[in-house]
Amino acid sequence: MVRKTVTLVFCDVEDSTPLGEQLDPEALRGVWSRYHDTAREVLERHGGTIEKFVGDAVLGVFGIPVVHEDDALRAVRAAVELRGELARLNDELEAAYGITIGVRTGIHTGEVYAGDPAQGDPFATGDAVVVAQRLEATAIAGEILVGDATIRLVRDAVTAEPTPALTLKGKSEPVDAWRLLDVEPDAAGVARRMDSPLIGRAAELDALLAELDRAVSDRACRIVTIVGEPGIGKSRLAAELIATARTDTLVLEGRCLPYGNGITYWPLVEVIRDLDLETVLGSEPDGETARARILEAIGRAEPRSRARVSSRRRTAE
């Protein structure tokens, strides 16, 4: 057993008891299975772990067994995506059974006492679990209430509005909470400060600038990898390179997303998002071929078969 700081997502169906009167047991079981499967798929896609299903309640944990530096951001993204998926599920449930389910969600970050799931121990116990559940119980259907500790970790990536301090069962003091409205798809949870002086990195910066000068003079690619533990300033060093680069240097930036589907070429997508490929490659001998291959790789090219048909049409005309 270990102590860990995690972010918990607690979901529950509002006023689910009447569903048992409207549906026969087999149909009701089908509804809960669809709900549970949807919740599991979304939460696990963002790196969360399902601790348990209790009736119509779902508890997902971000930070167990694997810790990510953006667990809080993953949790709020998962909650917003799950809200959208459940809206689509409700369309199907209404068509099939004439019912819909309203899900309330609470999110909170804090320290828990965590066991080893492989040994059958509870994943997480502690006050943070209780607060997440109490936030969920306070929310209304379709609402996501987020504790202040979580908001501090994701404030630059979310749209949220404060609620009056909440009096939660079992808590001696009112709890600050926020109503989560939306999450920016590509934003970092907390914006990095780049306005403080860069100290102790002169040698590394000089080495990067020297490699840049060689690339420009040789008109050839050079690859430089900055390696180090999280938080030591790799991103800041790269930003300083860009800020001090030669004025005749065109800087293009792309990044790898930490998780997700269909993101193999995401850095390439970001690099050429605002780049006019026709201008850059127009004078190159194989410029048109290179442009077509790049657009094809990121899914922005016209299918080749369609392009050939268009070409034949123009020839015929």
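**Close-up views of a predicted model**

View 1. A160 stands opposite L180, a residue of strand β7. The model is a predicted one, in which local features need pLDDT of at least 70 and side-chain atom pairs count only at pLDDT 80 or more, whereas totals for chains, interfaces and linings use all residues. Residues are numbered from 1 along each chain as its sequence is written, and side-chain values use heavy atoms, with hydrogens and water left out. Strand β7 covers residues 177-183 and pairs with β6 in the antiparallel sense, over 5 bridges. Helices (H or I, at least four residues) and strands (E, at least two residues) are DSSP runs numbered from the N terminus, and two strands pair if DSSP finds at least two bridges between them.

**View 2. The open sheet of 7 strands.** The strand order is β2-β3-β1-β4-β5-β7-β6, and the pairing is mixed. At the edges are β2 (49-54) and β6 (158-162), each of which pairs on one side only. Neighbouring strands of this sheet are turned against each other by 30° on average, direction ignored. Helix α4 (residues 127-138) packs on the sheet, where it touches β1 (2-13), β3 (57-62), β4 (103-114), β5 (144-147) and β7. The direction of α4 makes about 170° with that of β4. Axes are lines fitted to C-alpha atoms, for helices over the stretch in contact, and angles run from 0 to 180 degrees between N-to-C directions. Contact means heavy atoms within 4.5 Å.

View 3. The side chains of E161 and R179 meet in a salt bridge, at 2.8 Å from N to O. E161 belongs to strand β6 and R179 to strand β7, so the pair ties together parts that are 18 residues apart in sequence. E161 is partly exposed at 34% relative accessibility, and R179 is partly exposed with a relative accessible area of 25%. A salt bridge is a side-chain nitrogen of Lys or Arg within 4 Å of a carboxyl oxygen of Asp or Glu. Buried means under 20% relative accessible area, exposed over 50%, and partly exposed in between (1.4 Å probe, protein chains only).

View 4. R152 forms a salt bridge with D148, with the closest N and O atoms 2.8 Å apart. Both residues lie in helix α5 (residues 148-154), 4 residues apart, about one turn of the helix. R152 has a relative accessible area of 48%, and D148 has one of 23%. In helix α6 (residues 202-218), E211 and R214 are 3 residues apart, about one helical turn. The closest N and O atoms of their salt bridge are 2.7 Å apart. The search of the whole structure finds 17 salt bridges, and D12, R104 and E136 are linked in a network of them.

**View 5. The surroundings of H46.** H46 is placed in the loop between α2 (25-45) and β2. This residue is buried, with a relative accessible area of 8%. Its side chain makes a polar contact with the side chain of E81, at 2.6 Å. A polar contact is a pair of N or O atoms within 3.5 Å; within protein, one must be able to donate a hydrogen and the other to accept it, and residues adjacent in sequence count only if both atoms are side-chain atoms. Leaving aside neighbours within four places in sequence, H46 is in contact with F62, R74, R77, A78, E81 and Y259.
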